[in-house]
Amino acid sequence: MISTVSVVAKALKSQGIKYAFGVVGIPVAEVASALQEVGIKFIGMQNEQSKSVRVVDLSRQYGRSTSMICSVLKRKESIKSVTPAKGLTIISKLRTSLHENMEKLLMVWVTEKQLQGEGKDQ
């Protein structure tokens with residue numbers, strides 16, 4: 001029995017399609033194979049949208065510009081390889097999931113208080 005992707009690939013070939021572009025991944029692999037079998041060149045692309053969303057989220061979270069976040073992410077490995085000054089404690093290594101959960105709960109509590117009309121002073 002002929003597969004749906006094979007039918008689609010043959011239909012595209014009959015219409016003169018020579019190239020196809022797609023985000024590489026499991027759902028696309030079968031389509032890419034079918035296209036290549038009929039002679040259509042499949043060009044795999046990388047999905048960059050999730051990276052840009054992450055950069056915007058980090059920018060908002062830390063109050064920094066997106067270009068600064070991009071620069072840090074681009075040089076992440078060289079930044080991580082820097083040896084801290086003697087006697088300096090790296091706080092991120094001391095943080096546990098308990099710290100993360102406490103921070104989230106505190107933010108929920110603060111937000112609830114603000115929604116109830118109570119100021120940050122209280």
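**Notes on the predicted model**

1. Serine 78 belongs to helix 5, and in this predicted model a polar atom of the serine 78 side chain is placed 2.9 Å from the backbone oxygen of arginine 75.

2. On the overall architecture, the chain contains seven helices and two strands, and their order along the sequence is α-β-α-β-α-α-α-α-α. The chain has 122 residues, of which 11% count as buried. Among the contacts in the chain with a separation of 6 or more, 28% are between residues 24 or more positions apart.

3. The largest pocket deserves a paragraph of its own, and its volume comes to about 290 Å³. Helix 3, helix 4 and helix 5 are the elements that each give two or more residues to the lining of this pocket, with helix 4 providing the largest share, four residues. The lining consists of Leu58, Tyr62, Met68, Ile69, Val72, Leu73, Lys76, Ile79 and Lys80. By residue class, the lining of the largest pocket divides into seven nonpolar and two charged residues, with no polar residue.

4. Leucine 73, one of the residues lining the largest pocket, sits in helix 4. Its relative accessibility is 27%, so leucine 73 counts as partly exposed rather than buried, the limit for the latter being under 20%. When neighbours within four places in sequence are left aside, leucine 73 is in contact with Arg54, Val55 and Leu58.

5. Serine 59 itself is part of helix 3, which covers residues 49-62, and it counts as buried because its relative accessible area of 12% is under 20%.

6. With a relative accessibility of 40%, serine 65 counts as partly exposed. The side chain of serine 65 makes a polar contact, at 3.2 Å, with the side chain of serine 67. Serine 65 and valine 55, ten residues apart in sequence, have C-alpha atoms 9.3 Å apart in space.

7. A last point concerns helix 7, which runs over residues 97-115 and thus has 19 residues. From its first C-alpha to its last, helix 7 reaches 27 Å, close to the 27 Å expected at 1.5 Å a residue. Just after helix 7 comes glycine 117, which takes a positive phi of about 95 degrees.

Conventions:
Residues are numbered from 1 along each chain as its sequence is written. This is a predicted model: local features need pLDDT of at least 70, side-chain atom pairs count only at pLDDT 80 or more; totals for chains, interfaces and linings use all residues. Side-chain values use heavy atoms; hydrogens and water are left out. The expected span of a helix is 1.5 Å times one less than its number of residues. Buried means under 20% relative accessible area, exposed over 50%, partly exposed in between (1.4 Å probe, protein chains only). On a 1 Å grid over the protein atoms alone, a cavity is a set of points where a 1.4 Å probe fits but cannot get out, and a pocket is an open set with protein on both sides within 12 Å along at least five of seven lines; lining residues have an atom within 4 Å of a point. Grid points are joined across faces, edges and corners, and a volume is the space filled by probe spheres set on the points. Ala, Val, Leu, Ile, Met, Phe, Trp, Tyr, Cys and Pro count as nonpolar, Asp, Glu, Lys and Arg as charged, and the others, Gly among them, as polar. A polar contact is a pair of N or O atoms within 3.5 Å; within protein, one must be able to donate a hydrogen and the other to accept it, and residues adjacent in sequence count only if both atoms are side-chain atoms. Contact means heavy atoms within 4.5 Å.
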